[in-house]
Amino acid sequence: MIWNDDFETLPREALESLQLKRLQNTLQRVAATVPFYRDSFSQANIDIGTIRSLADLQRLPFTLKQDMRDNYPYGLFAVPLEQIVRIHASSGTTGKPTVVGYTRRDIDIWAELMARSFMAAGVHRGDVIHNAYGYGLFTGGLGAHYGAEKLGAAVIPMSGGNTKKQIMIMQDFGSTVLTCTPSYSLYLAEAAAEDGINIREFPLRVGIMGAEPWSESMRREIEEKLNIKAIDIYGLSEILGPGVAIECLDAQHGLHIWEDHFIPEIIDPDSGAVLPLGETGELVITTITKEGIPLIRYRTRDITRIIAEPCICGRTHRRLARMSGRSDDMLIIRGVNVFPSQIESVLMTIEGVEPHYQLIVDREDNLDTLEVQVEVNEQTFSDEIKVLQDLSRRIQKEIKDLLGITCRVRLVEPKSIARSEGKAKRVNDLRKR
Amino acid sequence: MKVQQISIFIENTSGRLAEVTRVLGEAGVNIRALSLADTSDFGVLRLIVDKNDLAREALARGGFTVTKTDVVAVEVPDQPLGLARILALLDRAGINVEYLYAFVERCGANAVIIFRFDNADEAIATLLANGLDVLPGERLYQM
């Protein structure tokens, strides 16, 4: 089922000419109203009147997260505050948060894109959506909420935390759709099992999961443990919030990015050059309908590639491959690029190992060290030391085979790795002390 | 004739062993025999207790990873060559011992050796055929 047939299945040619028209409008608007863009275009010696094709976009300078911080809080807004009806902000774990403002029309478009996303995931009117994304400054909760209402489904505004109550409400209210981070869904399953509740018997059908990178094998684990289809959703507050891109239930392969509102590009994160179609690199997004805070060539730091082949679902909007990580999350260990999601995929191939792990990175005698902590559970535990040592060695070997680095594997007691109700914290980099 | 042993995973950090014994003690479980195998990171604590089910429940509730294993308890006179005789006969029969531990009975006349075999049934048959006293669970747990 498709929410907005006219736009979601627009032939590529029409879609691209719409993109160009909207891009040109956006550029005129930001050049006239945002001093940051006026200066950055003039410093780069660019006359926006000469942007006549989508390919011309790559002549424009990037917008970085740091630019948002430098213009904290409202410096990048393109409309006066009287037209802003909502303000969100990112968590701001490093320095000041990044602030985004939405006009009434921005909120409407966001709800429309979330409604499209829900429907692409097979959600419809009559569904009960258990929304466990946090409500607040974080865009996850309210973004999913407005989309669910727009769609006409019943939304339960749970927000995060209070896991026992979440399970009770999910069971008693007969929730059919769960929206939360992938790691939290497994935590819910684990907490239910501890109380002797079989979450697989709940009427839950679909999980819409995002806000942190996750692997294909973790998807299988979630689908098995909760007896649902797990759908990957992508978004970031700077661009919109959740609903920038989503997998369709039909293919469950790649996330359709709503190209009538966003233009994606893939660049080499080091040189900044646009890569040939289909190559993997950093995702850069330009918003072409946003009023509150339009962003030109925003560097998302997320690593992916564009899938240009048509999709079986009938949508013409291109797909982004599952994010393999955020270049911010990328660890450089002894010169090797390591994404936590790569380690996760290794762990998930080993029978009985659960995706509760933590990476400890440190430096000893000027050499980087990586310790992978993995929880032992009833399936992997044995009374024989050699069986446990074999498990450690196997994990170590498979990580070495994949990444070429030798790590130390440390088996730890169950539940000793902190569970997260929002984004999972996988890495503890002690080199930054 | 197999008896049950409880095995518990413990990290090599201070206080974990104390926590296991506290949980068992508060549940009213008495430990008959124990052995601790350790590596630099973790250890496996193996216990013979008087109340197996109660012990497993209490430990699982306490957040420990617990598994039960079938082991074999053999009673031998507490004197020189007591253990050596058994090991020699197992060796002759080609039976591999994964690990073992022992304790002396309260009256002091006999020792009890707990064996973990790959194939417990075959080992029991060999021991019995050679006239050794293989202890049933009821006797061991209440010793």
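Predicted model: local features only at pLDDT ≥ 70, side-chain atom pairs only at ≥ 80, totals over all residues.
Chain A has eleven helices and 21 strands. Its radius of gyration is 22 Å, close to the 22 Å that the globule rule gives for 433 residues, so chain A is as compact as a globular protein of that length.

**Chain A overall**

- The C-alpha trace of chain A spans about 75 × 55 × 40 Å along its principal axes.
- Of the 433 residues in chain A, 43% are buried.
- If you take the contacts in chain A with a separation of 6 or more, 66% of them are between residues 24 or more positions apart.

**A four-stranded sheet in chain A**

- Strands of chain A form an open sheet of four, in the order β20-β19-β18-β21, and the pairing is mixed.
- At the edges sit β20 (408-412) and β21 (427-429) of chain A, each of which pairs on one side only.
- On average, neighbouring strands of this sheet are turned by 20° against each other, direction ignored.
- Helix α10 (residues 340-348) of chain A packs on the sheet and touches β18, β19 and β21 of chain A. The direction of α10 makes about 125° with that of β18(A).
- Strands β18 (residues 357-364) and β19 (residues 367-375) of chain A run antiparallel and are joined by eight bridges.
- To find your place in that pairing, look for Ile360(A), whose bridge partner in β19(A) is Glu371(A).
- Helix α11 (residues 385-403) of chain A lies across β19 and β20 of chain A, and runs at about 140° to β20(A).

- Strand β1 (residues 3-11) of chain B runs antiparallel to β3(B), with six bridges joining them. Within this pair, Ser7(B) has Arg46(B) as its bridge partner in β3(B).
- Strand β2 (residues 31-38) of chain B also pairs with β3(B) in the antiparallel sense, over seven bridges. Here Leu36(B) stands opposite Leu45(B).
- The link from β2(B) to β3(B) is a hairpin through three residues.

**Nonpolar cores**

- As a general point, nonpolar side chains tend to be buried together in soluble globular proteins.
- The largest nonpolar core in this model has 84 residues, and Phe118(A), Val123(A) and Val244(A) have the most contacts inside it.
- Helix α5 (residues 104-120) of chain A gives this core its largest share, nine residues.
- Which residues does Phe118(A) touch, not counting those up to four places away in sequence? They are Val123(A), Gly147(A), Ala148(A), Leu151(A) and Ala153(A).
- Another core, of 52 residues, lies apart from the largest one, and its members include Val409(A), Phe64(B), Val66(B) and Val112(B).

**Where chain A meets chain B**

- The contact takes 15 residues from chain A and 14 residues from chain B.
- On the chain A side, α11 and β20 each supply at least two residues.
- The largest share of that side comes from β20(A), with three residues.
- By residue type, the chain A side that touches chain B divides into six nonpolar, three polar and six charged residues.

Note on methods. Residues numbered from 1 in each chain as written. Chains lettered and ligands numbered in written order. Pairing = 2+ DSSP bridges. Axes fitted to C-alpha atoms, helices over the stretch in contact; angles between N-to-C directions. Contact = placed C-beta atoms within 7 Å. Core = buried A, V, L, I, M, F, W, Y, C linked by C-beta atoms within 7 Å. Buried ≥ 20, exposed ≤ 12 C-beta atoms within 10 Å, placed from the backbone. Rg over C-alpha atoms; globule rule 2.2 N^0.38 Å. Nonpolar A, V, L, I, M, F, W, Y, C, P; charged D, E, K, R; others polar.
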